[in-house]
Each structure stands twice: as structure tokens, then as C-alpha cells.
Amino acid sequence: MLKKILATAGAVAIIACGPLATGQIGQSIYMGAVENYHSPYLSITNKSFERGYLSSNAVSRIELKNQLKSAFAEQGLPTVWFVNHHIENGFLGVKSTSKFVIDKQMAPLVNKVWGENVAPMQMVTDSGFTGTTHFVMTVNPMDYTHDDGVTAISKTLMVKGEFDPENSKSQFSYNLPELTVATPDKESMVVKGINGEGKGQMQGNFWIGHQTFSLEHAKFIAADQHQFIAINGVNVAMNNALSQPSGEKNPTEATQQVTNTNTIQVAKLTTLDGQHYQDIAFKLALKDLNYKAISQLAEMEQSSKMVQDPAQMKQAMLALDLLITHGATVDLSQLSVKTPEGIVNAKLLLNIKSGLEHASTNLTAVTEQLSGNINIVIPEALVAKEPLLAAKLPVLVNQKIVTKQDGNYQLQVKIVADQLEFSSGAKLPLAMMALFLQ
């Protein structure tokens with residue numbers, strides 16, 4: 001009996017001490033997440049943390065950065081936000097519920113958009129002893145009518161995911177069933193079936209991993225109710241992958257490279273002038289870009305300065321030199337669309353050979369590093385409807401730059417040793433390419 005009592009007392013002691021342990025873990029997870037969070041769009045700092053036995057309360061300060069900050073400021077919206085976190089210290093982990101702090105300035109607008117005493121957004125996270133955190137963010141439905149007659153109605157936006165702090169990796173998914181916006185001038189926008197997901201990690205200014213986005217339907221109607229833009233069946237995928245050059249004997253961060261791949265598919269598109277297009281497909285890969293160089297250029301692009309000073313311009317040129325020195329490939333493997341007049345197809349492959357140094361001071365030498373090919377097919381019936389093309393393409397046919405076959409205009413070009421070689425056998429210096437496309 002004594003053994004049972006002692007065992008029971010031991011179990012009770014362990015359970016009783018659990019919240020204390022997870023309370024410490026909860027604070028460590030929170031503080032670590034704040035300290036290690038890096039984003040080009042916003043910064044997060046801790047304003048306060050009050051740890052208790054069964055629960056703790058914290059406040060985070062979120063400040064927008066760069067272009068996002070400017071955009072909010074232009075609309076008269078706050079660029080600094082505070083978030084309250086209520087953290088429950090359980091036996092097996094930590095659960096946190098987070099809500100935005102609504103100040104007196106924002107309260108009237110929030111009440112109009114979401115209703116009285118309704119939090120616009122709530123995030124619930126569950127973290128285990130290992131630090132892996134599962135989260136669910138809910139943006140509540142809104143039904144808003146502005147004094148000037150603008151209305152905005154949406155269903156619940158849900159974002160779910162998981163974050164592994166040990167490996168700085170995360171995965172997420174989101175869903176917005178419907179969003180409708182209308183103006184007093186009878187302009188309107190209806191968006192249905194937004195879904196997306198991603199898996200990877202933020203590394204500097206880049207997401208390393210994949211992301212997908214899909215849209216069932218969207219329609220934008222003009223004030224006259226007769227003109228509109230409609231789009232159906234949109235699927236977008238993006239992937240960034242890090243690697244080392246093939247055969248690299250001394251791999252370092254300086255030799256690391258990134259390949260960016262993007263694909264877009266659209267089932268149907270109706271334009272403002274009533275044209276209908278189907279089966280739009282686009283696939284572009286930027287391969288083997290020097291990661292250090294492209295990161296420097298991306299960081300400068302995120303700069304809030306409208307005009308770069310001489311030092312920044314010099315830095316940009318050095319980054320561009322580094323990018324070209326290591327070489328790269330631009331692979332537009334698919335650009336196609338089905339029109340009422342026929343199918344348009346285009347492909348482009350462009351290789352920049354590595355080895356050229358100080359390219360910014362010797363731009364003419366860059367063309368000598370290029371190789372690749374271009375293939376474009378356009379239906380004659382579509383060309384006939386476009387005055388500029390209808391005037392230009394017959395001239396290019398006479399010059400043996402473009403060929404005419406099976407009811408299509410076709411451009412086939414090889415880029416070899418600073419020369420454009422056409423399917424007809426005609427050749428043209430690469431530097432003159434822009435002239436005949438004018």
C-alpha cells in the first residue's frame with residue numbers, strides 16, 4: 001500500500017510540476033521565436049512577458065517594414081501593431097491564443113467590419129517539449145459597408161500549419177471560400193475558392209521550398225455592367241531550391257546557387273474587350289543563380305529608398321558582376337494559350353556561360369557569353385487581327401527571319417557565338433536583335 005501511495009504521490013508531483021516546466025519551455029519558445037524571427041516585411045519584438053504557474057501572458061510588438069510600411073501609411077493605417085498572447089502551461093505542452101490589441105483609434109472601424117466585441121483575427125498555437133509548433137489562424141467573416149457606399153463581405157479565412165524551430169522549417173495551408181467587394185458606382189469584384197499551401201523556410205529574402213496557389217473563379221465587373229474580366233481555374237506553383245555547382249570541389253556559401261521555378265495555368269480568361277482565351281500555360285525557371293549575388297540584389301530591391309546613392313549603385317554593380325561571373329540559365333520552357341484563331345506557343349532557352357568578370361564595365365562582352373534558342377508560333381488569323389503584327393511579320397518573312405507554314409508564322413532562332421542563326425539559314429549579329437523586333 002505504501003508503495004502505491006508513494007507511486008501515486010510521485011505521479012501527482014510530476015503532473016503538478018509539468019506546468020512549471022512547460023511554463024519555462026513556453027517562455028523559451030516564445031522568446032526564441034521572437035529573437036529568431038527575420039522577415040523583409042515586418043519585425044517582431046517582445047513588449048512584456050508575465051509568467052504564471054498555469055498560464056502566462058505576453059505582448060508582442062509588430063512593426064511593418066519597407067514597402068509594406070509605406071503602403072499602410074499611405075492608407076492612413078497603423079504601421080505598428082500589438083498582439084496579446086495568453087499562454088496555457090499544460091502537462092504535455094504549451095497552448096497559446098493570440099489576438100490583436102484593438103486601440104481606441106481602430107475600435108470603431110473594427111466594430112463596423114467584424115461586429116461588436118468580435119476579434120478580427122485569432123491564432124491558436126500548440127507547442128510540444130521539442131518546440132515543434134502547430135498553429136491555426138482564423139480571420140473572422142466580415143460584412144462591412146462604408147459611409148460612401150463601398151461594401152466588403154468575406155467568409156472565414158483559415159490558415160493552418162506547423163513550425164519546427166530546430167530546423168527553421170515550416171509548412172502551411174490556407175483557404176478563403178469567398179470575398180465580394182462592391183462600390184457605389186456598381187463596380188464589383190467577386191473571388192471564390194482561394195487555396196494555397198507551402199513547405200520550406202525563409203532564408204534571408206527568399207523562401208527556400210515550394211508554394212502553391214489556386215483560384216476557382218474571379219470576376220471584376222465595370223460600372224457599366226457590360227464590360228468585365230473573368231478568370232477560372234488558376235493554379236500557380238513556385239519552388240526555390242539551393243544547390244552547389246556540379247563538380248564543385250570546395251563548396252562554400254559563396255558558391256551556393258539557387259534555382260527558381262514558376263508555373264502558371266489558367267483554364268479560361270475573358271478580357272475587358274470580350275476576348276476569350278483558354279488553357280493558358282506558363283513555365284519559367286531561373287537556374288543556377290549565385291545565391292550570394294541574388295540575395296544582395298533582392299535586399300536592395302526591398303530598400304525603402306526611392307533613389308539609390310552612389311555606394312548602393314556600386315554595390316548593385318558588384319552583385320551583378322558576381323551573378324554573371326558564375327553564369328545562369330533562363331528557361332522559358334512553355335508559354336502557350338489557346339485563342340479563337342489558334343494556339344500561340346513560345347519557348348526560350350538562354351545560357352550565360354560562367355567565367356566573365358567585371359561585366360558591368362564591359363557589357364558588350366556579355367553577348368559573347370550567351371547561347372540558346374528561341375521558338376515562337378503565332379496563327380496567321382491572330383496576326384491579321386493585330387495591326388502592328390500584320391504590318392511587321394510579312395516584312396520579316398521577306399527577310400527570311402520568320403517563316404510561314406501550316407497557317408502559322410514561326411520564328412526559330414539559335415544563339416551561337418554572338419550570332420542569331422535563323423531556320424532559313426540567315427544570320428544576324430545578336431546586338432541587332434532589338435532592331436528587327438521594333
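Phe172 has a relative accessibility of 21%, so it counts as partly exposed. Bear in mind that this is a predicted model. Why isn't that 21% called buried? Because buried means under 20% relative accessible area, and Phe172 comes in at 21%.

Searching the whole structure turns up two aromatic pairs. One of them is Phe172 with Tyr174, a stacked arrangement with the ring centres 6.3 Å apart and 15° between the planes. Tyr174 is partly exposed as well, since its relative accessible area is 23%.

## Over to Trp207

Phe172 also pairs with Trp207, and here the geometry is edge-to-face: 5.8 Å from centre to centre, with the planes at 70°.

Is Trp207 buried or exposed? Trp207 has a relative accessible area of 11%, so it is buried.

Phe172 takes part in the stacked pair with Tyr174 and in the edge-to-face pair with Trp207.

## A lysine over a ring

There's one more ring contact to look at. Lys219 lies over the face of Phe228, 4.5 Å from the ring centre.

Conventions. Residues are numbered from 1 along each chain as its sequence is written. This is a predicted model: local features need pLDDT of at least 70, side-chain atom pairs count only at pLDDT 80 or more; totals for chains, interfaces and linings use all residues. Side-chain values use heavy atoms; hydrogens and water are left out. Rings of Phe, Tyr and Trp (its six-membered ring) pair if their centres lie within 6.5 Å; planes under 30 degrees apart count as stacked, over 60 as edge-to-face and the rest as tilted. Buried means under 20% relative accessible area, exposed over 50%, partly exposed in between (1.4 Å probe, protein chains only). A charge sits over a ring if NZ of Lys or CZ of Arg is within 6 Å of the ring centre and within 35 degrees of the ring normal.
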